[in-house]
Amino acid sequence: MAKKVQYTTNTPSANTDYLAADNTWKAMTGGGGGVPYTGATADVDLGTHSLTADSIGIGITAGSEKLHIDGGASTTRVKIDADNGVSRILSFRTDDVQRWALRVDGTESGSNSGADFQVRRYNDAGAHIDNPIGINRSTGNITTSQNVNGATPTEMSYLSGVTSSIQTQLNSKVSTSQSQFFIVGAATGLNAGLTRYGNIAGSTTESQVRLPLSSICTISHLYVRTTATMNASASLAVTLFKNGSSTALTLTIAGGSVAGTYSNTANSISFAAGDGWTLQYVNAGSATAAATSGQSVKITI
Amino acid sequence: MRYVINELDEGVTMIHVLEHNVFFAWDESVEYDSFRVALNDKGIDAFVDLLIQDANTAYTTFING
């Protein structure tokens with residue numbers, strides 16, 4: 001037999017009794033709303049009315065937390081559902097003024113479009129500032145309006161298109177550093193017919209003075225400064241060597257040339273980490289070449 | 001263009017033979033009087049040809065030849 005609440009008036013009050021599950025009449029001490037605190041034997045439907053409580057427990061007795069949902073051993077899900085195009089929002093507030101929100105926004109039109117995710121921030125008056133984090137539902141792309149660990153959105157966009165060898169690609173996108181490498185000359189010039197490596201008074205064997213490079217780089221701007229007029233029957237050729245082979249970064253100071261600074265700024269040679277370089281000095285003439293005070297190259301990393 | 005000529009400071013003039021990266025420079029001193037005479041007589045292209053052939057002998061050949 002269906003159980004019915006026994007009303008004493010058309011307006012239930014604290015004095016109204018209801019028939020509890022144990023078939024005894026109990027006072028409806030909550031009054032007014034017609035919903036017993038305990039002992040409901042069927043789903044309670046408040047209709048369009050509101051529920052106000054100090055704390056709510058779902059799947060568990062309400063405790064000190066305002067809302068406690070306990071699914072126990074079952075998968076537990078909290079749904080925030082709305083029609084297409086309607087925002088779904090979790091709002092974090094201070095004295096009921098917005099500070100942060102997790103929000104799903106955007107009208108869906110197929111192909112996984114719309115309903116994108118946002119982390120939104122608000123100013124002291126509760127006005128929306130921007131979305132520090134956004135995630136496109138269709139693509140999964142994460143966007144930000146603010147810096148990440150000091151990197152601006154533009155700087156982070158430099159990573160766009162990176163498919164492999166991140167270091168190599170970053171090297172091509174970030175600003176480069178440059179340095180000059182100097183080699184001290186000698187008081188006397190290179191004797192006729194001699195070849196030396198490293199410096200004017202260096203080794204006769206290139207591999208003995210080859211300098212290993214620790215980073216990918218380019219070497220350019222070869223400068224050589226002579227301190228006296230080149231003998232008319234001499235010359236001095238200075239050449240950058242890469243892994244034991246000559247390169248296009250070279251210059252020859254012809255016999256008879258006045259003392260001065262000679263340079264090759266037109267050629268640039270690329271190196272990988274682990275490559276080696278040195279300078280070769282050749283006097284193919286029949287007299288001692290002019291002395292040099294030093295040489296330099298520019299290394300761009 | 002086989003070469004470029006640059007006027008440097010202190011009256012120094014430099015020829016750069018481009019493809020061979022051979023350089024020759026002279027100044028306004030009397031030491032290069034013979035060179036200037038030869039340059040006037042034979043032209044710069046003749047000297048460039050010699051520089052390409054042999055940077056060790058070009059100057060001597062140019063002023064004595």
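Modeller: In chain A, 4 strands make an open antiparallel sheet, ordered β10-β18-β13-β16. This is a predicted model: local features need pLDDT of at least 70, side-chain atom pairs count only at pLDDT 80 or more, and totals for chains, interfaces and linings use all residues. Residues are numbered from 1 along each chain as its sequence is written, chains are lettered from A and ligands numbered from 1 in written order, and side-chain values use heavy atoms, without hydrogens and water.

Biologist: Which strands stand at the edges?

Modeller: Strands are DSSP runs (E, at least two residues), numbered from the N terminus. Two of them pair if DSSP finds at least two bridges between them. Here β10 (178–184) and β16 of chain A are the edges; each has a single partner strand, so one side of each lacks a neighbour in the sheet.

Biologist: How many bridges join β10(A) to β18 (292–300) of chain A?

Modeller: There are 7, and the two strands run antiparallel. Within β18(A), G294(A) is the bridge partner of V184(A).

Biologist: How many residues are in contact between chain A and chain B?

Modeller: Contact means heavy atoms within 4.5 Å. Here 23 residues of chain A touch 17 of chain B.

Biologist: What area do chain A and chain B bury between them?

Modeller: Buried area is the accessible area (1.4 Å probe) that two parts lose on being put together, summed over both. Here it is about 1,400 Å², 52% of it on carbon and sulfur atoms. β15 (245–253) and β16 (261–271) of chain A each supply at least two residues of the side touching chain B.

Biologist: In which sense do β15(A) and β3 (22–26) of chain B pair?

Modeller: Parallel, over 2 bridges. T252(A) has V22(B) as its bridge partner in β3(B).
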